[in-house]
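The points are meant to be read alongside the displayed model.

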Amino acid sequence: MDLNTGPPRAGEKVGERAQMLQGQDATTKHPRIVFTAKARNQSVGDKAKRCLRNKLRILNWIGRYNVEWGINDAIAGITLGLTIIPESIACALLAGLPARYGLCSAFVGPLIYLFFGSIDKVIIGPTSLVALVSVQFTVGKPIEFAFMLTFLSGVVQLIMSSLRMGFIFEFISMPVIKAFSSATAILVIESQIKVLLGIKYLVAGLVESVKTLFLRYGEANTGDLVMGICAIAFLVLFELLEKVADRGKGNRIWKVTCRYLSFSRTTLIVVITAIVSYVWLQSEPQVPYALSRNALSGLPNITLPVFTIETPEKTYSFWDMIAEMNVGIIVIPIIGILTNLSIGKLTPKGMVDTNHELMTLGLCNVFGSCFQSMPTSGAFTRYAISTACGLKSPMANLYSGIIVLLALVFLSPYFNYIPEATLAAILICSIFTLLDFKLPLRLWRESKRDFGVWVICFFVSVLCGVEVGLFVSLIINVAHLLYLWARPEISVKIQEVDDMQYICVTPGNGIYFPAINHLRAKVLKAAMQAEFQIPVVIDCHKVTGLDFTAAQGFVKLAGGLKCEDDEQSGGRSTEALLVLYRLDVSLQKLIDNVDNLVFCESPDKIREFLTQESLRNGFINLKEHIRASIDLGYKIDMEGES
């Protein structure tokens, strides 16, 4: 019984059913899928609704939001909020800013990302990576430079989004990102060693920092070192609780307790060390280690970034600030979006709308600069926590932002009791996870080229700065792609059809002007070795593109398949036939007509051309093969035969 011939289903029009049956394949009995121009007939309201959903991504999932999602997001958001508070303070100090501005950076971005964000597990806030790079462009300058850098970074990201420049980030390969992250981890850890030792200095660059550290190691403070080592030990031990919860055989309450103690380890160590400092100061005038300072309470002032800065030494105009920050206004936006894209690729779908993410992060930074924020982005540490907490949607950004906002209003004065060594320990332990030396070992075994890219990016980033390493690696990747474009894989071999030989050439991809000379050289070399006696067939089924220069290159190739005054042929010239096999018809029109250049679409046609050439060159005896020649439709002239 043919089910397709039954009555139409409810709501199905008879005409549509008939059209579907007519569109079925006669052999497979399966309906063919036909794309219609339905999108063209959409109303203005439908187009506006679709455009709004593309921008406000919250509209795509808020309708499916339920109680289960809300509970998971609340748990994840509160946990992340408690985690991001000490990390934000540490990142602010790393960037050379007072602790307060780290918190100002951790509540505006999440609220904006809630509405526009497209990656579920991205929690916006300051990161050690962005802070480390930012300080290189703002060190020794007024604090307003940091806010202007945030504003300009957002503007650059918005411009890149509006110009649809997200494709640029496809040129940054995974080995580059991994090397970049590992180099950053090394630089952050090195920058915090001086804090663990209680030595105060702020210089840009690894070489200068290490040199200064060795010159001033005698100023190390035992109290800071002890506090830092104890904090690191605490964080490492509590991180192991998560593994205990995953592997242990205890009851569910025990596992959940261990897991959330592990997630809250940064908050716990901050609270514990702050209490120790507070109690100590009740009986002593000072503690034996450095404390974080300038943590004022209250909300930040909502104002545009200052476009003119006056200092006792100099007055900076807007253009002066741009000149001082130099390439920082390009590097910081790129580093920020790279982190978000890397996190997006770790999600189950692994697909990210780069242009939309640029727009979202740009809005976070532009609006954040009005709240005295440093540049922000997602972070791998926050991604790991959100994944472990079962985060379901960007709604966790709301809870995280509220927690930070409450801390900024009510708890800021107490941040003055947090030891700087504790914050340094938090940064070291959080950034340590970015160190990945397993990948280069694998690349060494499987891909020497990618290993070389990793090595160059890593060492250039460590020695010259992450922005230089990223730029150099980008150039290397682009140069490699250009090389593959100019030197595509080309297969050249001799094949036979009915004992008739021909040179089969198969290009690997599109042939454009950088590659045509390479193709010509390969074909002419093979034709020369065959003494221009057998045809050349170029199989173009993989050629998806052709430009005018490459098309003219095929014409010149046909002209080059000629050998004048060939001694073996008795002084007469020889000319090999060039056959372009399976070249798209739309590309054929670019190639001029030449006597020894033909197109064909089928193997039978190739056999005809080969037979014709063999007859013309005398490789096939006419009397013996006249029947085959007549069958092929050739007119045989027997005059002159003896």
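1. The model under review is a predicted one.

2. The length of helix H7 (residues 144-162) was also checked. At 1.5 Å a residue, its 19 residues should span 27 Å, and the end C-alpha atoms are 27 Å apart, which agrees. After H7 comes Arg164, which has a positive phi, near 55°.

3. Searching the whole structure gives 15 aromatic pairs. In one of them, Phe234 and Phe238, the ring centres are 4.2 Å apart and the planes lie at 25°; planes under 30 degrees apart count as stacked, so this pair is stacked. Both residues belong to helix H10 (residues 222-247), where they are four residues apart, about one turn of the helix. Phe234 has a relative accessible area of 17%; because buried means under 20%, Phe234 is buried.

4. The rings of Trp454 and Phe458 have planes at 5° and centres 4.9 Å apart, so they too form a stacked pair. Helix H20 (residues 448-464) holds both Trp454 and Phe458, four residues apart, about one turn of the helix. Trp454 and Phe458 are both buried.

5. Which residues do ring pairs link into a cluster? They are Phe151, Phe307, Phe318 and Trp319.

Terms used:
Residues are numbered from 1 along each chain as its sequence is written. This is a predicted model: local features need pLDDT of at least 70, side-chain atom pairs count only at pLDDT 80 or more; totals for chains, interfaces and linings use all residues. Side-chain values use heavy atoms; hydrogens and water are left out. Rings of Phe, Tyr and Trp (its six-membered ring) pair if their centres lie within 6.5 Å; planes under 30 degrees apart count as stacked, over 60 as edge-to-face and the rest as tilted. Helices (H or I, at least four residues) and strands (E, at least two) are DSSP runs, numbered from the N terminus. Buried means under 20% relative accessible area, exposed over 50%, partly exposed in between (1.4 Å probe, protein chains only). The expected span of a helix is 1.5 Å times one less than its number of residues.
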